[in-house]
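Here is a friendly note to read alongside the model. Please keep the sequence and the 3D view open as you go through the points.

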Amino acid sequence: MFYREAGQFKTSYKADQAVFPILQDRLAIAAFLAIAFIVIPYFGNDFFINSMMIPFLIFSLAAIGLNILTGYTGQISLGTGAFMGVGAYACYKMTSIFPDVNIIILIIGSGFFSAIVGMIFGLPSLRIKGFYLVVTTLAAQFFLEWCFITIGWLYNYNDSGAIEVPQREMFGIIITGASASPVTRYLVVLSIVVVMTWVASNIIRGRIGRAWMMIRDMDIAAELMGVRPLQAKISAFAVSSFYAGVAGAMMVFLWLGAAEVESFDVNHSFLILFMVVLGGLGSLLGSFMGAAFITLLPIILGAIPGILGVDINAATLEHVKFMIIGALIIFFLIMEPHGLARLWAIGKQKLRVWPFPY
Amino acid sequence: MDLLYNIFVDPFVQMAGTPDFFLQVLWEGFVTGTLYSLIALGFVLIFKASGVFNFAQGIMVVFAALSLVGFHALGVPAYLALFLALAVMAALAWTVERVILRKLVNQPEIILFMATIGLSYFLIGLGEFIFGGEPKPMITEELGLPTGSTVVDVAGGIVILQHIDIAAALIAAVLVLGLAIFFSKTRIGRALRAVADDHQAALSVGISLNQIWAIVWFAAGIVALATGIMWGARSDVSFALQIVALKALPVLILGGFTSVPGAIIGGLIIGFGEKIFEVYWGGLLGGGVEGWFAYVLALIFLLFRPQGLFGEKIIERV
């Protein structure tokens, strides 16, 4: 009833191949974008934008990156945190080498460095799969972490070992650095995420994405049908690491402002894998839902005692948060192994047939 | 040339020049390797019987050790605390089987894997909630474990052997032997192997999967407790152990996921390799190579032998 595509006829191939062929989807997306671009910057306070929306968007992008690799190509990776780190450190180095280049170009450009690193560590995927691959991506994780500490060149040999974001502006507006306003940074992050999500959805719909999904579903059969495993797997690693790298660069430059190696440790790799699995493997929408769940849940849980007026000390709260997140992950895996995106698919079907049960 | 000399000649000159130090490094490697093997053993037990890649094994080690120390801190005698800690692991095994595994039968591997990561998050939170986050000393003496050290004269120098390390190696050997006998000679052990071989066939001859899973998680819990005691005796019981436990993964890669002897030998290779590489080559790279050496070794190894040292050859059919 509410979500009925009957009667929406396509009269050209172009219309049939649109990203959102259904009118309701287009309207919903337009509404979401309007809220994200106009309503939130206008009405949201600094805490909401800086501590909720910006991390949510950045982790969504990282989750999309991992989803390309794990959800669409079927290669499990625990190295996302380190690939984000590669992007961040590359971006930092480039700002100190090319101080005059536009910061947005550098942020996007840093993705290429992590793409190259990702391709190198993706090479073993040609011979091994499953949990064996997990170990090789863990090798990437720990090796790169060690590089971030040991190679002083990466952080310009400063004493703290941390990378700090210089102030950069575009069109006279300060975008990065301590004095950039949260709203500006939010809008930059949002624009990059929207554009890159759109690019990702088109890659996935196209020839490359289909090759990835064939590799995921059955690699030998895909090979027999003419998909080249080398190209498909390595391109998945490259695109995935590119997204992770850009997300990492944004995380440091547009959110944290400064970062050490702890910001890219193995726990972040786990968190992003959680986002992907909880959101739904092989779903872009799911990446957003998973990222929202994982980033917003701790904030909401942290606010609950304050609302209820119960006084709990910070350490206890932290432990209880861990327990609740762990329990919720297990709960969601049991209730809906296909992720939150599946709930949306079920909801859509219900809307379609409403008011009838089926 | 200097670099080549430092890589290919100098370390060996050092090894030959100070054989006592080299033996000490080997011994350290052996002990670390034993502990890696024990963690890997816990992984293998569960993977064999249920096909679940139990990510929570590392936190189970911490949790077991913490409950032992925690019971003792409450004034329970050490040996009774040991039994209580075992009871905790049994309860954990039963709960995991009831709450998680039973509900997730027949799901893809990655879902089960994620569930065990969720479990480890839960256990981290629970452990810190109950016992607090700070490191605790292991009750080595109260358990009757030796604490002294022996100095051996060898090759014109001395090698120091900590008694606790010798005890760790012995306990590991006993555990492995016990598990081997349990697997091959007892009724439950045969049932475990049947389940590992084929779930459906095992079900059809009347083996209860649920029961087997609870038993095997409990067995992994026992191994975890032993590991926790040994590791805790060398350095305090803390949650940092959980990241170290990840090193069991490259150990498993070397040994093959389903092989108990593989886990032992893989652990020893990683232990020896890591220590020797750190001591003799680490300085060239700026130190701290222990963190990744095991993984990179496993990665290189996988390129040549994807199924591990003792794993079964992977045959794929379309």
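**Notes on the two chains**

1. Let us begin with one residue. Leaving aside residues up to four places away in sequence, Val151(B) touches Ile158(B) and Ile160(B); two residues are in contact if their C-beta atoms, placed from the backbone, lie within 7 Å. Val151(B) sits in strand E1 (residues 149–154) of chain B. Helices (H or I, at least four residues) and strands (E, at least two) are DSSP runs, numbered from the N terminus.

2. Before going on, a word on what you are looking at. This is a predicted model, in which local features need pLDDT of at least 70, side-chain atom pairs count only at pLDDT 80 or more, and totals for chains, interfaces and linings use all residues. Residues are numbered from 1 along each chain as its sequence is written, while chains are lettered from A and ligands numbered from 1 in the order in which they are written.

3. How confident is the predictor? The model scores ipTM 0.80 and pTM 0.86. Chain B averages a pLDDT of 79, and 88% of the residues score at least 70; pLDDT is the predictor's confidence in each residue, from 0 to 100. Where pLDDT is low, the predicted coordinates should not be read in detail.

4. Is Val151(B) buried or exposed? Val151(B) counts as exposed because it has 9 C-beta neighbours inside 10 Å. A residue is buried if 20 or more other C-beta atoms lie within 10 Å of its own, exposed if 12 or fewer, and partly exposed in between, with C-beta atoms placed from the backbone. From C-alpha to C-alpha, Val151(B) and Pro261(B) are 31 Å apart in space, and they are 110 residues apart in sequence.

5. Now chain B as a whole. Chain B has 13 helices and two strands, and 44% of its 318 residues count as buried. Of its contacts with a separation of 6 or more, 74% are between residues 24 or more positions apart.

6. Next, look inside. The largest nonpolar core has 206 residues, and those with the most contacts inside it include Ile58(A), Tyr243(A), Met250(A) and Val216(B). Helix H9 (residues 209–234) of chain B gives the most to this core, 18 residues. A nonpolar core is a set of buried Ala, Val, Leu, Ile, Met, Phe, Trp, Tyr and Cys residues joined through C-beta atoms within 7 Å. Among the residues that Ile58(A) touches are Val189(A), Met250(A) and Trp255(A), not counting residues up to four places away in sequence.

7. Of the 28 residues of H10(A), 23 are buried. Just after H10(A), Gly257(A) has a positive phi of about 90°.

8. Finally, where do the chains meet? The contact takes 34 residues from chain A and 37 residues from chain B. H13(A) provides the largest share of the side of chain A that touches chain B, 12 residues. That side divides into 27 nonpolar, six polar and one charged; here Ala, Val, Leu, Ile, Met, Phe, Trp, Tyr, Cys and Pro count as nonpolar, Asp, Glu, Lys and Arg as charged, and the others, Gly among them, as polar.
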